[in-house]
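Here are a few notes to read alongside the model. Keep the viewer open and follow along.

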Amino acid sequence: MRHHSDPLTLEAVDEYFRTLYWLKGERLDEFQILADLSEGIRTGDFPFRRVEEKFKIIKDGSESIIIPWDENAEGIIDELRFSDYPASAARKAQRYTIQVPPRVLYGLLSGGAVERLHEQYNVLINRDIYRKDIGLCPDDPAFHEIENLIT
């Protein structure tokens, strides 16, 4: 990037990727994901589940939880909850997800703060343990704000 004053110019981006490919070469596809995808190129039957299992940007086993931040997120969660084919809703829900370690998710599931939909999508149902200013507070999954306990 030292050759470009603006790293977002086409020339800077082009140089970056040329350098990256020159340095990394075959190691860029170390999990052979391109080979997996090329299997289905003629039929359109791509092995997305196998690719998803191989490809993780963060390789720490983190799990996703969908947070119902606003009405749009709630609608997506409802679509996910009641759909027989939830993949489309799951894609829309990505912008409303956070990542947590597996032990945190397990605690939230067993504490009733998170619900699992379709055996793979985790949805926060105890909104009192999520704050927009600091995020998820998983230490006490049974915590509720007093005003939310009054019916």
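1. Ground rules. This is a predicted model, in which local features need pLDDT of at least 70, side-chain atom pairs count only at pLDDT 80 or more, and totals for chains, interfaces and linings use all residues. Residues are numbered from 1 along each chain as its sequence is written, and side-chain values use heavy atoms, with hydrogens and water left out.

2. Helix α6. Have a look at residues 102-110, where V104, L105 and L108 are buried (under 20% relative accessible area; exposed is over 50%, partly exposed in between, with a 1.4 Å probe and protein chains only). Down the axis of α6, the buried residues fall within an arc of 100 degrees, so they line one face of the helix; the arc is taken from the directions from the helix axis to the C-beta atoms. R103, Y106 and S110 are exposed on the other side. Helices (H or I, at least four residues) and strands (E, at least two) are DSSP runs, numbered from the N terminus.

3. What does the buried side of α6 pack against? Its buried residues pack against β1 (63-66), β2 (97-100), β3 (114-117), β4 (121-124) and β6 (135-136), where contact means heavy atoms within 4.5 Å. After α6 comes G112, with a positive phi near 80 degrees.

4. Most residues other than glycine have a negative phi. Yet H118 has a positive phi of about 50 degrees, and E119 one of about 60 degrees. H118 is partly exposed at 37% relative accessibility, while E119 is exposed at 74%.

5. Salt bridges. How many does a search of the whole structure find? Seven, counting a side-chain nitrogen of Lys or Arg within 4 Å of a carboxyl oxygen of Asp or Glu. In helix α1, R18 and D14 sit four residues apart, about one turn of the helix, and their side chains meet at 2.9 Å, N to O. R18 is exposed at 59%, whereas D14 is partly exposed at 38%.

6. A link between helices. The side chains of E79 and K92 form a salt bridge at 3.0 Å, N to O. This pair links distant parts of the chain, with E79 in α4 (residues 71-82) and K92 in α5 (residues 87-93), 13 residues apart.

7. One more pair. R131 and D133 meet in a salt bridge at 2.5 Å, N to O; R131 is partly exposed at 38%, and D133 is exposed at 56%.
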